[in-house]
Amino acid sequence: MRSWWLTVTLCLYVPLAVAQFKWVDDAGRIGYGDKPPPRAHDIEALDGYVKGSHLDPMSELPYQLRRTVQDFPVTLYTMTKCPACDRGRALLRERAVPYAERTIGNVDDAQALKKISGSDQLPVFQVGKGVMTGFSSAGWNDALDLAGYPRERQLPAHWSWPAPRPLAEPKPAQAAATDATAPDGGKAP
C-alpha cells in the first residue's frame, strides 16, 4: 500500500518540479509542462521549480534572510558589455544577496526598463520598491542594509543564482519565430 501511494505521489508531483510553463487550456484547466499546447492562454514562464518543493532554493535560506527576500526582493537590470553592471553583480555576489537578474537586449526590454526606473541608464538596482540607477557601492550597500540583508554570508554552500532572463518576456508568437530561425530549428540538444 505504501509503495503504491509513493508512486502515485511522485507521478503527480515530479512533473511539476521540472515544469517550464504554466497555462490554461480551452476547457479552463491549468496545465504544466515544457511546451504549452497551441491554443493555451494565460501562459506563465516558471523558474524550473515549484514554490515550496525541495527544488525551491528559497526554502533552504535561513528564516530571517528568507523573510527579507520576500519583503524586499532584489532585482538587477543589466546588459552585456557593461562594466558597471559587472561591478554591481560582483557586489551582490560578494555580499551573498539572493537576486534576480533581468537583461536588456531589445527595444521591448528598454521600454519596460524605462517604466521601472524612468531612465535608460544601467545598471538599475531594485530593492523592494526602491529603485536606483547607476552603480554606487556605498548607495547599494546602504539600501541592502536598510532592507535587512546581512553583511555576512548566509546562503547555503550549494547556492547558485538563477540565470539572467530578458526583462520583457517574448510573446508566444515571437518565441516561435525565434525558434524557427534558430540554426538548429529551435530544438533542444
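Pro 164 counts as partly exposed because its relative accessibility is 43%, a class that lies between buried (under 20% relative accessible area) and exposed (over 50%), with a 1.4 Å probe and protein chains only. The model is predicted, so that local features need pLDDT of at least 70 and side-chain atom pairs count only at pLDDT 80 or more, while totals for chains, interfaces and linings use all residues. Residues are numbered from 1 along each chain as its sequence is written, and side-chain values use heavy atoms, with hydrogens and water left out.

Pro 164 belongs to the loop between α5 (137-147) and β8 (165-166), where helices (H or I, at least four residues) and strands (E, at least two) are DSSP runs numbered from the N terminus. Beyond its neighbours within four places in sequence, Pro 164 is in contact with Glu 101 and Thr 103, contact meaning heavy atoms within 4.5 Å. Thr 103 is 61 residues from Pro 164 in sequence, yet their C-alpha atoms are 6.4 Å apart in space.

Strands β6 (residues 124-127) and β7 (residues 130-133) pair in the antiparallel sense over four bridges, pairing being assigned if DSSP finds at least two bridges between two strands. Val 124 has Thr 133 of β7 as its bridge partner, and in the hairpin of these strands, with two residues between them, Gly 128 takes a positive phi near 60°.
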